[in-house]
Every structure is written in C-alpha cells, then in structure tokens.
Amino acid sequence: MSRFAIFVAIALSAGVVGCSDEPAPESPAPGPSTLVSAAPVDDPPGRLTCQELAGAVRDASLMQPGVVQAIVAASGTADAPVADAATALGQAYQQALTSHETRSEPDAIAAVSAAAADMSQVCADSGLDSAN
C-alpha cells in the first residue's frame with residue numbers, strides 16, 4: 001500500500017471515530033468550593049430583620065416585589081416580638097396583593113404601612129432601632 005493510501009485510511013478511520021453518535025464523555029464536575037461565605041450573624045436576634053425594614057422604609061420600597069419577603073425571611077433568626085411583627089407585615093402585604101385592582105386595595109396598602117410602622121416600633125422597643 002502506498003503511503004498516501006495509508007494516510008487516507010488513517011484519516012478516514014479517525015474521522016469516523018470522531019463522528020460517532022455517542023455524546024462525548026463529560027468532564028468531571030468541579031468539586032465543592034473551598035470558599036464558603038458565612039451567613040451574616042444576627043446578633044442580637046432581630047438586628048438583620050430590623051435593618052431590612054429600615055432599608056425598605058428609607059427607600060420607600062415596601063410594596064416592591066421581594067422586599068417584604070426579604071424582611072420576613074430575615075426574621076427566621078429574630079426574637080419573638082420582631083418575628084411576630086414581620087409575620088404580621090407579611091400577612092398585610094399578601095392581603096394587599098390579593099386586593100389589587102379592587103375597592104379595598106387602598107386600605108390594604110395602608111395596612112402594609114401600618115404594619116411596617118408597628119414593626120418599626122417593635123424594633124425600637126427591642127433596642128434594635130430600625131432607623132440605623
């Protein structure tokens with residue numbers, strides 16, 4: 001066999017091997033990262049929740065999607081009075097959402113503001129002044 005024929009035979013067999021219908025083996029998944037970000041410490045309990053509330057009040061963003069949910073989520077490590085106030089705020093927000101485009105919507109939105117004001121007072125009473 002000539003050198004050219006051997007070359008063509010090798011090239012064709014390499015091309016056939018490279019064009020198989022089987023998917024290429026995947027590279028191994030990367031291992032777990034050694035960099036782990038620690039969750040913020042809620043010390044004293046409720047500080048993070050009151051800070052979330054303070055930011056929302058300062059930015060006038062309580063009725064924006066995700067804001068009240070972030071406050072409620074932060075309350076998972078809060079003490080009982082702050083956690084209860086966050087729950088009440090979350091419930092008022094849910095009622096405001098369900099009242100959208102109804103006659104009760106203005107009152108429901110006012111209830112969110114009232115719940116935020118009540119929660120702000122709870123934060124202050126707990127020594128977690130939400131204005132900071």
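Buried means under 20% relative accessible area, exposed over 50%, and partly exposed in between, using a 1.4 Å probe and protein chains only. The views below come from a predicted model, in which local features need pLDDT of at least 70, side-chain atom pairs count only at pLDDT 80 or more, and totals for chains, interfaces and linings use all residues. Residues are numbered from 1 along each chain as its sequence is written, and side-chain values use heavy atoms, with hydrogens and water left out.

**View 1. E101 in the loop between α4 and α5.** Here is a residue that is not a glycine and yet has a positive phi, about 60°. With a relative accessible area of 68%, E101 is exposed. The helix names follow DSSP runs numbered from the N terminus (helices are H or I, at least four residues; strands are E, at least two).

**View 2. A60 in the loop between α2 and α3.** A60, again a residue other than glycine, has a positive phi near 50°. Its relative accessible area is 68%, so A60 counts as exposed.

**View 3. The salt bridge of D59 with R58.** A search of the whole structure finds 1 salt bridge (a side-chain nitrogen of Lys or Arg within 4 Å of a carboxyl oxygen of Asp or Glu). In the pair D59 and R58, the closest N and O atoms are 4.0 Å apart. Both residues, D59 and R58, are exposed.

**View 4. Helix α4 against helix α5.** Follow residues 80–98 (α4) and 105–125 (α5): their axes come within 8 Å and cross at roughly 170°. α4 is therefore roughly antiparallel to α5 (angles under 35 degrees count as roughly parallel, over 145 as roughly antiparallel, 65 to 115 as roughly perpendicular and the rest as oblique). Axes are lines fitted to C-alpha atoms, for helices over the stretch in contact, and angles run from 0 to 180 degrees between N-to-C directions. Contact (heavy atoms within 4.5 Å) involves residues including P81, L89 and Y93 of α4 and I109, V112 and M119 of α5. The contact residues divide into 17 nonpolar, 1 polar and no charged (Ala, Val, Leu, Ile, Met, Phe, Trp, Tyr, Cys and Pro are nonpolar; Asp, Glu, Lys and Arg are charged; the others, Gly among them, are polar).

**View 5. The largest nonpolar core.** A nonpolar core is a set of buried Ala, Val, Leu, Ile, Met, Phe, Trp, Tyr and Cys residues joined through side-chain atoms within 4.5 Å. Of its 23 residues, L53, L62, I71, L89, V112 and M119 touch the most other members. Two or more residues each come from α2 (47–58), α3 (67–74), α4 and α5, with α4 giving the largest share, 8 residues.
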